[in-house]
Amino acid sequence: MTVDGIHYRSIWLDDDGWSVRIIDQTALPVELRVARLTDLEDAAAAISDMLVRGAPLIGATAAYGLALALRADPGDGGLAHAGARLLATRPTAVNLRWAVDRVTAAVRALPPAERAAAAYDEAGRIADEDVERNRRMGEHGVALIREVARREPGRPVNILTHCNAGWLATVDWGTATSPIYLAHEEGLPVHVWVDETRPRNQGAALTAWELGHHAVPHTVVVDNAGGHLMQTGQVDLCLVGTDRTTACGDVVNKIGTYLKALAARDNGVPFYVAAPSSSIDWSLEDGGQVPIEERAGDEVAFVTGPTGDGRVEAVRVVAAGSPVANPAFDVTPARLVTALITERGVTPASRAGLLRLFDR
Ligand code: MRU
């Protein structure tokens, strides 16, 4: 997508042909800062410290992280160490394992001297395929927005989204935002309710920044506002992303997603999840089996943001000494999901629905 007329992806290979560039998302929305990753530790730290985040982008970064690692140590030990190091960065999004497994499978049988080049090729393919997958999800998802717009011509279609499942969370386009960007391009009137998404404010800092740069009408609301908005008829549909979709269609996504799905069900609002095939974990049935990342309590106890002069400042908002808990994801059971939007079409959130489109 573009920022001030310049096309960006969220991750790309530097002109030197080997180091990796990312947008440092901890500096947004104040500054568009580009960081350079030169080795395995840079890639692992970028994922754990959330310079990059969002399931598909975590996967692409891990793929390039393996390529960087293999430049330094292309042997079997180096490959195994790099995979384990990257897998330990964030536990919930399955795209991480998917990408590490894919690059590992692509290089394992090669002589060590050829592994780094093959890993770069595979990482490049993973990134390019992510862009294409998201664009296709957009094409399938925009039909749902078109349908609402057709029923009430002229009135904006109000869409509520949670966290950032936008182009910054992927390589380009986004998952949940892809149908929204396509709707906007096609001239359909859309308005997006953007959940702030405490504690890290991905909605307020990232989704709002993205939508603003594409002139998509939107309004940021606190996370607690969604129920009220749905109850008062101000939401036509919810559209969120997923970090892991189980084989029976349970959706594990940013903490707070489940509450939005409950409110949507109570108010008859369709609840759609943009679920690329890279997010499907065929090995798990029940979302309750997915490891839920528990992040540092300071993310809750302090509100943190960039100051504009390169610093990040933190302000305490929780009484000193009070314990805090910070589960980062929750499970929305398939029964609360109206449908999954995948790159192969819109399908029920169920094993049968997924098997109709994908060969596991
Ligand atoms: O903790 P984050 O910011 O990595 O969480 C991101 C989300 O929960 C997104 O909604 C999810 O990855 C889907 S993104 C395309």
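Me: Which residues of α6 are buried in this predicted model?

Reply: In this predicted model, the buried residues of helix α6 are Thr177, Ser178, Pro179, Ile180, Tyr181, Leu182 and Ala183.

Me: Why are α1 and α3 called roughly parallel to each other?

Reply: Helix α1 (residues 40-48) and helix α3 (residues 76-87) pack at an angle of about 20 degrees, their axes lying 9 Å apart. Angles under 35 degrees count as roughly parallel, and α1 and α3 therefore belong to that class. Their crossing is right-handed. By class, the contact of α1 with α3 has six nonpolar, one polar and two charged residues.

Me: How do you know that Cys238 is too far from Cys163 for a bond?

Reply: A disulfide needs two cysteine sulfur atoms within 2.5 Å, whereas the sulfur of Cys238 is 15 Å from the closest cysteine sulfur, that of Cys163, and is therefore too far away for a bond. By this rule, the count of disulfides is zero.

Me: Why does Cys238 count as buried, and why does Cys248 count as partly exposed?

Reply: Buried means under 20% relative accessible area and exposed means over 50%, with partly exposed in between. Cys238, at 0% relative accessibility, therefore counts as buried, while Cys248, at 22%, counts as partly exposed.

Technical notes: Residues numbered from 1 in each chain as written. Predicted model: local features only at pLDDT ≥ 70, side-chain atom pairs only at ≥ 80, totals over all residues. Heavy atoms only, no water. Axes fitted to C-alpha atoms, helices over the stretch in contact; angles between N-to-C directions. Helix = DSSP H or I, 4+ residues; strand = E, 2+ residues; numbered from the N terminus. Parallel < 35°, antiparallel > 145°, perpendicular 65-115°, else oblique. Left-handed = near helix turned anticlockwise from the far one by under 90°. Nonpolar A, V, L, I, M, F, W, Y, C, P; charged D, E, K, R; others polar. Buried < 20%, exposed > 50% of the residue type's maximum accessible area, 1.4 Å probe, protein only.
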